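Here are a few notes to read alongside the model. Have a look at it first, then work through the points.

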Amino acid sequence: MLLKRLGVTIDAGTLRLALTHRSYAYENGGIPTNERLEFLGDSILGFSVTDALYRDNPTLPEGDLAKRRSAVVSTRALAGIARGLGIGEFIYLGQGERLTKGRNKSSILADTMESLIGATYLCNGIEVARDLVMRLVGPLLADAEVLGAGTDWKTNIQEIAAARRLGAIVYDITGTGPDHDRSYVARLLIGGHHFGTGAGPSKKEAERSAAAAGWTVLAEKYAAKRPFNSAAVGDANAADVSAVSAVDAVDAGVPDGAAPHAVKDA
């Protein structure tokens with residue numbers, strides 16, 4: 001099933017290795033993990049995206065190319081692709097990661113995505129691997145500016161707040177739930193005004209989601225050269241932020257104790 005979603009062929013042994021997280025390997029006698037494949041896939045991903053950006057944007061300066069590349073190879077972008085493919089349900093995780101919803105952690109999903117790219121290269125060669133990369137991240141290349149021009153959401157907030165002298169940036173964070181299943185909500189405040197709210201399984205993810213919501217509102221307003229109105233921003237954000245937060249709050253939908261079935265269903 002997973003291979004059909006990816007549109008590639010990978011032999012069973014390599015596929016299992018690509019899906020083996022270190023937490024599972026540790027609990028099963030120190031078997032090999034997917035980290036070497038992740039290293040390989042990261043290089044192929046970076047090269048493929050760089051090559052495409054260079055060829056498709058002949059007049060774009062180096063700095064802008066780097067920002068766009070950063071946007072589409074980021075942990076956030078790769079995790080979003082992995083969630084869309086349902087990769088979380090196939091990953092071999094240790095008990096601790098299963099209990100803390102590791103199947104939906106952005107870092108684990110992004111790393112696994114890279115390891116699958118590496119596995120594709122080993123089994124099929126560079127052209128098939130590059131084709132996979134472009135099918136996965138190609139649609140994001142046109143949306144790099146929407147993703148924040150490739151820089152981190154929080155960095156974008158800092159830059160626009162400084163340029164517009166909007167005031168101090170504060171992330172007001174609250175946590176709920178037991179320690180093993182904690183979730184967080186962050187409110188972005190700039191100059192004492194509320195600009196965005198985001199949720200996530202960690203404080204960092206919640207802050208990033210809040211920054212994404214706030215950056216979208218600020219970018220739209222200043223791109224249109226409208227006068228700043230903090231009350232209007234707050235009203236607009238209240239209607240839109242739930243969609244942003246929902247991206248980070250999606251659960252992979254697999255029972256914590258369920259065994260992955262990547263190889264047998266592939």
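1. A polar contact here is a pair of N or O atoms within 3.5 Å; within protein, one must be able to donate a hydrogen and the other to accept it, and residues adjacent in sequence count only if both atoms are side-chain atoms. With that in hand, look at Asn34: its side chain reaches the backbone oxygen of Ala18 at 3.1 Å.

2. Before going on, some housekeeping. This is a predicted model, where local features need pLDDT of at least 70 and side-chain atom pairs count only at pLDDT 80 or more, while totals for chains, interfaces and linings use all residues. Residues are numbered from 1 along each chain as its sequence is written, and side-chain values use heavy atoms, with hydrogens and water left out.

3. Back to Asn34. You'll find it in the loop between helix H3 (22–27) and H4; helices (H or I, at least four residues) and strands (E, at least two) are DSSP runs, numbered from the N terminus. Asn34 counts as buried because its relative accessibility is 3% (buried means under 20% relative accessible area, exposed over 50%, partly exposed in between, with a 1.4 Å probe and protein chains only). Not counting residues up to four places away in sequence, Asn34 touches Leu17, Ala18, Leu19, Thr20, His21, Thr112 and Ser115, contact meaning heavy atoms within 4.5 Å.

4. How do H4 and H8 meet? The axes of H4 (residues 35–56) and H8 (residues 106–124) come within 6 Å and cross at roughly 85 degrees. Axes are lines fitted to C-alpha atoms, for helices over the stretch in contact, and angles run from 0 to 180 degrees between N-to-C directions. Among the residues making the contact are Leu37, Leu40 and Ile44 of H4, and Ile117, Tyr121 and Leu122 of H8.

5. The C-alpha atoms of Glu38 and Met113 are separated by 7.8 Å, though the two are 75 residues apart along the chain.

6. Now the sheet. Three strands form an open sheet in the order S1-S2-S3, with antiparallel pairing (two strands pair if DSSP finds at least two bridges between them). At the edges sit S1 (169–176) and S3 (193–200), each pairing on one side only. S1 and S2 (residues 183–190) pair over eight bridges, and Val170 stands opposite Leu189 in S2.

7. Finally, helix H10 (residues 153–164) lies across S1 and S2, running at about 145 degrees to S1.
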